[in-house]
Structure formats: structure tokens, C-alpha cells
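Please look over the sequence and the model shown here before reading on. The paragraphs below are meant to be read with both in view.

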Amino acid sequence: MKHLSWAKFPIMTIALLLTPHACMSQESFEWEGEYLYQDQLGKSFGGSPIVIDMNLRIKADGSCSLVVNGYQISEKIICRAVSDSVGKQIAFVSYGNGKIENEYGVQQYQVGEVLFSLERSQDKVLTTWQSLKPDNIEKTKGSFFVKAEMVK
């Protein structure tokens, strides 16, 4: 009987050591993927729609990229998806070219500055805009990004 209780000790120890890693991997896996947002800014003088598309890709390791394309804008931001108590904070790392200044030589964000945060609320992703806020948005929190379906 004593052999059986000692045999359980290494198994329980391994299980306890792996549990935080398993939880961390699951948390990262839940956020991993592509998130899309389209900002409708009305119509141009000629009547064509003015839109800005944002494509956020979060990887399992927490690295991410935000591509913003549309009316008078085309930029790629390298970011970091940092876990907080309710979801992810999307923090600025650099622009796609590795610089911290935009294409006009202006530093809009500090390294590590939170651009916006994401949290889950039932089946929706809620965004809280912080340093980065689209021009057409009146409220700072709402359901803006939609997680894209993974194609297998």
C-alpha cells in the first residue's frame, strides 16, 4: 500500500507543474486568430464609400500585427497581445518597417503603449479604444472587431 501512495507523488507533482502551462496555452489559443473591423466613414464628394479596414492577427505566442488600409491610410503595426484580467491589451511595438515613427517621421505611439484592449462578452469581442481610436467612433467601448472563421 505504501508503494502505491509514493507512486502517486511523482504523477501528482508532474500534473501540478504542467497545469499552469496548460492553462496559459489554452488562454493563448482562445485569442489566437484573425480579427476584422471595418469603419464606415460615409461617402466621398463623388459618392463612393469611404471605408477603413483593420485586420488584427494574434499568434499563440502573443505577437500580433495590425494592418490598417483604406481611405488615405495604409500602415502595418507590429504589436504585442498582453493578457490582463479580462482579455488582451494590444500594445504598440513598432511599425511594419521596424521603426517607431510612421512613414512621415512622426512618433504617434510609445513602445508598449496600449492601442486598444479586447475582452470577451458571451459570443462577442468587445473593444476598448485607447491610444488608437478610429475617427468615426463616438464611444470608446463596443463591439467592433469580429473574429474571422478559421479555414481548415
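Residues are numbered from 1 along each chain as its sequence is written, and side-chain values use heavy atoms, with hydrogens and water left out.

The protein contains one helix and nine strands, where helices (H or I, at least four residues) and strands (E, at least two) are DSSP runs numbered from the N terminus. Along the sequence these elements follow the pattern α-β-β-β-β-β-β-β-β-β. Of the 152 residues in the protein, 32% are buried, a class that takes in residues under 20% relative accessible area, with exposed meaning over 50% and partly exposed in between (1.4 Å probe, protein chains only). Among the contacts with a separation of 6 or more, 32% are between residues 24 or more positions apart, a contact being a case of heavy atoms within 4.5 Å.

How far can the coordinates be trusted? The predictor's confidence in each residue is given as pLDDT, from 0 to 100; its mean for the protein is 83, and 79% of the residues reach 70 or more. Confidence is highest in β5, at a mean of 97, and lowest in helix α1 (residues 2–31), at 47. Over residues 4–26 the pLDDT is below 50, and this stretch has zero contacts in the model beyond near neighbours in sequence. Where pLDDT is low, the predicted coordinates should not be read in detail.

The largest nonpolar core has 26 residues, of which Leu56, Leu66, Ile90, Phe116, Leu118 and Phe145 touch the most other members; such a core is a set of buried Ala, Val, Leu, Ile, Met, Phe, Trp, Tyr and Cys residues joined through side-chain atoms within 4.5 Å. Two or more residues each are given to this core by β1 (33–43), β2 (49–58), β3 (63–70), β4 (73–83), β5 (87–95), β6 (114–121) and β7 (124–129), and the largest share, four residues, comes from β2.

One disulfide is found in a search of the whole structure, the term standing for a pair of cysteine sulfur atoms within 2.5 Å. Its partners are Cys64 and Cys79, whose sulfur atoms are 2.2 Å apart. Cys64 belongs to strand β3 and Cys79 to strand β4, 15 residues apart, and the pair links distant parts of the chain. Cys64 counts as buried because its relative accessibility is 5%, and Cys79 is likewise buried, with a relative accessible area of 3%.

The aromatic side chains can be taken next. The structure holds ten aromatic pairs, where rings of Phe, Tyr and Trp (its six-membered ring) pair if their centres lie within 6.5 Å, and planes under 30 degrees apart count as stacked, over 60 as edge-to-face and the rest as tilted. Trp31 and Tyr35 form a tilted pair, 6.2 Å centre to centre with 35° between the planes, and both Trp31 and Tyr35 are buried. The ring centres of Tyr37 and Phe144 are 5.6 Å apart and their planes stand at 85°, so this pair is edge-to-face. Because Tyr37 lies in strand β1 and Phe144 in the loop between β8 (141–142) and β9 (146–147), the pair ties together parts that are 107 residues apart in sequence. Tyr37 and Phe144 are both buried, and one aromatic cluster is formed by Tyr37, Phe116, Trp129, Phe144 and Phe145.

Two polar residues remain. Ser117, in strand β6, counts as buried because its relative accessibility is 11%, and its side chain is joined to that of Gln130 by a polar contact of 3.4 Å. A polar contact is a pair of N or O atoms within 3.5 Å; within protein, one must be able to donate a hydrogen and the other to accept it, and residues adjacent in sequence count only if both atoms are side-chain atoms. Glu113, in the loop between β5 and β6, is partly exposed, with a relative accessible area of 26%, and its side chain makes a polar contact with the side chain of Ser131 (2.4 Å).

Terms used: Predicted model: local features only at pLDDT ≥ 70, side-chain atom pairs only at ≥ 80, totals over all residues.
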